[in-house]
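This report looks at how the two parts of one protein chain meet. The sequence and model come first, and the notes on the boundary follow.

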Amino acid sequence: MKTIQRSFLILPLILLFVACNQMSNKTQVSADDIKNYLSVIASDSLQGRKPFTVGEARTISYLSNEFKKIGLEPGNNGSYFQDVPMVEITSNVIGGIQISGKANFTLQPNTDFVAGTRQEVDSVELKNSPLVFAGYGIVAPEYNWNDYKDLNVKGKTVIVLVNDPGFKSGDATLFHGDTMTYYGRWTYKYEEAARQGAAGILIVHQTEPASYPWQVVSNSFTGAKLYLQQTDKHMSRCKVEGWITEDAAKKLLSSAGINGDMRTVARDKNFKAIPLNMNVSLTLHNNLKSSVSHNVVALLKGTKRPGEVVIYTAHWDHFGIGEPDSTGDSIYNGAVDNGSGTAALLSVAKAFVQSNNKPQRSILFLAVTGEEQGLLGSEYYATHPLFPLNKTVADLNMDALHDYGETKDLSITGKGQNDLDDYVEAVAKQMGKHTVGDPRPGAGSYYRSDHFNFAKVGVPALDLNIGTESTTHDAAWGKQQQDNYNANRYHRPADNLSAIASYDGMAEVANVMYTIGWKLANETTFPGWKNGSEFKAIRDKEMEK
Ligand SMILES: [Zn+2]
């Protein structure tokens with residue numbers, strides 16, 4: 001009886017083994033490798049892996065040594081490191097925002113607004129800068145939308161809404177309906193206002209379309225902010241970038257006779273920007289500090305087309321050491337965020353090297369810095385790439401891989417953006433799994449990790465995680481684990497190795513990414529963006545070069 005049972009068990013295992021071998025060239029990423037790497041990456045000795053600290057020095061030294069041990073070449077002209085020059089800016093608001101003109105009042109910092117600057121100068125000032133309500137602040141030719149049409153905002157300060165016109169419009173064909181496009185992200189609003197030459201920009205905070213409360217905005221404006229150093233010292237950016245509360249915005253808009261739901265007003269196809277006949281004055285004093293952090297980069301050279309590259313990314317950085325929590329723990333070990341992805345990156349690299357075959361295209365393993373401070377390391381790479389962008393096949397990103405074991409579903413962040421979804425779909429099918437989109441499409445998750453900086457320069461980028469349908473627990477369980485992580489461990493000292501329940505889900509994601517990487521590395525074609533993606537035009541232009 002026992003033998004029969006055992007052979008019933010063994011047969012499917014053999015079949016699975018054969019199937020896996022066919023898919024991934026004789027090797028697999030092992031959960032044990034991930035566990036072993038993670039036990040170092042998330043240990044207290046790396047001090048929470050904060051850029052510019054002892055923790056950075058130890059982390060990048062560990063990662064480069066491991067890449068070397070695995071047998072990979074240095075990825076940057078003989079070095080495993082890519083310097084990432086950053087500037088730390090602490091902006092102090094002097095007084096508040098003075099409103100003058102049609103109405104006269106003062107807006108208070110933190111209660112009514114937050115403001116900062118990227119301009120690397122000692123102080124910036126808005127002096128009687130005319131206020132304009134510019135709707136959503138979007139210029140999107142593919143959606144036939146231009147909030148800045150016939151508008152000259154030189155020297156002016158624009159007030160714009162967060163998210164895009166599609167969100168909660170009830171019209172799935174307006175932008176992407178409730179799914180946020182990049183035009184909805186606050187980073188885009190700042191960039192577009194700068195392109196238009198505005199002196200200042202204030203984004204109206206509304207909890208639902210922003211997907212987080214005012215507290216999150218105001219917290220993110222306390223203390224120093226890190227940016228990449230720019231040759232123009234960010235002088236092409238607006239002098240002042242900030243947010244105002246919905247109440248403050250209502251006060252400003254109603255003084256100018258705009259009442260009712262501001263989203264409805266701005267969503268109108270015939271909307272035209274509205275001068276508010278009020279001026280804004282504000283002074284910021286800055287403290288500046290320059291520092292250099294590092295991406296870690298390792299290369300597996302392709303046998304047939306070494307000039308073409310598939311890139312794997314994971315951010316190595318986290319928050320370092322902070323205030324002790326209720327248990328007395330003050331080290332932000334970031335075991336899940338993003339020790340998991342970094343350990344998976346090393347494990348995928350190891351599996352590639354240990355395979356009997358060699359990939360035809362090159363594979364670059366890139367552990368980036370400064371994700372937690374605004375995706376800085378990946379932004380630096382994407383704007384200073386080591387391979388031409390039109391030879392860069394794809395970016396495969398792993399960030400905060402869930403630790404509750406295998407699932408029947410695989411979650412594609414921003415599903416529907418590009419052809420890499422189809423690669424996941426095919427592998428998922430072979431594994432008897434299915435794919436799902438991210439759980440909160442309105443929150444714009446696709447724009448919130450390192451893959452996004454590749455998308456921004458046109459490189460098809462994929463961010464993958466396990467889903468919620470556990471293979472071992474009931475339907476509600478996986479979601480509970482995610483909610484529990486978000487409430488109690490995410491960006492807290494409690495994101496510890498000891499809390500990790502299982503490495504199997506991490507290995508599952510790593511193996512799917514590994515299989516996709518092989519396929520991409522041995523193809524001669526380039527995956528593209530789906531029609532309707534805001535990144536398609538950028539890639540198409542790049543590939544013509
Ligand atoms: Zn994080």
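## Salt bridge across the boundary

The model is predicted. Between domain 1 and domain 2 there is 1 salt bridge. A salt bridge also joins the side chains of glutamate 191 and lysine 456, with 2.6 Å from N to O.

## Polar contacts and the domain 1 side

Domain 1 and domain 2 share 8 residue pairs in polar contact, counting pairs with both residues at pLDDT 80 or more. On the side of domain 1 that touches domain 2, the elements giving two or more residues are strand S2 (81-101), helix H10 (376-383) and helix H12 (451-456). The residues on this side of domain 1 comprise 11 nonpolar, 5 polar and 5 charged.

## Domain layout

Domain 1 is made up of 27-86 + 291-543, and domain 2 covers 87-289. Taken over C-alpha atoms, the centres of domain 1 and domain 2 lie 32 Å apart. Contact between them involves 21 residues of domain 1 and 24 residues of domain 2.

## Buried area

The size of an interface is often expressed as the accessible area lost when the parts come together. For domain 1 and domain 2, the buried area is about 1,800 Å². Carbon and sulfur atoms account for 56% of that area.

Which three residues supply more than any other three of the area that domain 1 buries against domain 2? They are Met86, Tyr447 and Glu534, which together supply 28% of that area.

Notes:
Residues are numbered from 1 along each chain as its sequence is written. This is a predicted model: local features need pLDDT of at least 70, side-chain atom pairs count only at pLDDT 80 or more; totals for chains, interfaces and linings use all residues. Side-chain values use heavy atoms; hydrogens and water are left out. Domain bounds come from an automatic or database domain assignment. Contact means heavy atoms within 4.5 Å. Buried area is the accessible area (1.4 Å probe) that two parts lose on being put together, summed over both. A salt bridge is a side-chain nitrogen of Lys or Arg within 4 Å of a carboxyl oxygen of Asp or Glu. A polar contact is a pair of N or O atoms within 3.5 Å; within protein, one must be able to donate a hydrogen and the other to accept it, and residues adjacent in sequence count only if both atoms are side-chain atoms. Helices (H or I, at least four residues) and strands (E, at least two) are DSSP runs, numbered from the N terminus. Ala, Val, Leu, Ile, Met, Phe, Trp, Tyr, Cys and Pro count as nonpolar, Asp, Glu, Lys and Arg as charged, and the others, Gly among them, as polar.
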